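Thanks, everyone. I'll take the pockets, then the chain contact. Have a look at the model on the screen.

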Amino acid sequence: MTCHVRVHEADFDLGAEIKALRLGNPAIGAVASFIGCVRDMNEGDCVGLMYLEHYPGMTERELEKICAEASDRWEIFDTLVIHRIGELKPLDQIVCVVVTSAHRGESFSACQFIMDYLKTRAPFWKRESTPHGERWVDARTKDDAAAERWKQ
Amino acid sequence: MTIQLVFLARLRERFGVSREAFALTADIDTVAALLAALRKRGGAFAEELAEGRAFRVAVNQDVVTFDHPVHAGDEVAIFPPVTGG
């Protein structure tokens, strides 16, 4: 199991990332991926710009821990998490998670697990610009519930 | 006998500081005691770190509960609930 974690400002190309993960590994029978994007509306307001801050060092460690937990739970080969930081605007990609495995069930579950845990444990914070000014996005209880269900 | 305090996101803005060296005294040996000392500064510290407010504490980059010990040389980060992804 190899875990790849990258946190940076630059955009990413999911196709190229999947190609690189699959390269030379014919044991991979399934690839599941998720991309999160910036929406133009949040809490009923138009969002013009979004700024993503993180806690360098802890972010990477936490993402690696989450991927390691996923590989303890499911038979998977590789995990990739890319999370962008800095200034983003609607339509931009924010995050991607890719998981490879022999069969689809493991990739699907691990991909969702990683994303649910990322939302509640990885130290990132969003600040958005709306017509009413700038505001920090509040944590959502729905996200806590999504992470909680993996404990059952 | 100092620790590094790190404040992030909304709390960094509210406190007006991102990082500071904090001198430990003998009575500050847990996260709870550290928070009590910070609250005594009043203003935004008293308000944001009041009991019942939603914030997290990480010691050396691991999220901990407030009974976790604090030692000289530790990096103690205080931040709002996370909102990435």
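**Pockets and interface**

α3(A) gives the most to the lining of the largest pocket: six residues. Helices here are DSSP runs (H or I, at least four residues), strands likewise (E, at least two), numbered from the N terminus. This is a predicted model: local features need pLDDT of at least 70, side-chain atom pairs pLDDT 80 or more, while totals for chains, interfaces and linings use all residues. Residues count from 1 along each chain, chains are lettered from A and ligands numbered from 1 as written, and side-chain values use heavy atoms, without hydrogens or water.

That pocket holds about 990 Å³. Of its 41 lining residues, Lys119(A), Asp143(A), Val82(B), Thr83(B) and Gly84(B) are closest to the centre. A pocket is an open set of points on a 1 Å grid over the protein atoms alone, where a 1.4 Å probe fits, with protein on both sides within 12 Å along at least five of seven lines; lining residues have an atom within 4 Å of a point. Volume is the space filled by probe spheres set on the points, which are joined across faces, edges and corners.

Now the interface. Contact (heavy atoms within 4.5 Å) takes 27 residues from chain A and 20 residues from chain B. Together they bury about 1800 Å², 54% of it on carbon and sulfur atoms. That is accessible area (1.4 Å probe) lost on being put together, summed over both. Tyr55(A), Trp125(A) and Trp136(A) supply 36% of chain A's share.

The rule finds four salt bridges across it (Lys or Arg side-chain nitrogen within 4 Å of an Asp or Glu carboxyl oxygen). One pairs Asp62(B) with Arg61(A), closest N and O atoms 3.1 Å apart.

Technical notes
Buried area = accessible area lost by both parts, 1.4 Å probe.
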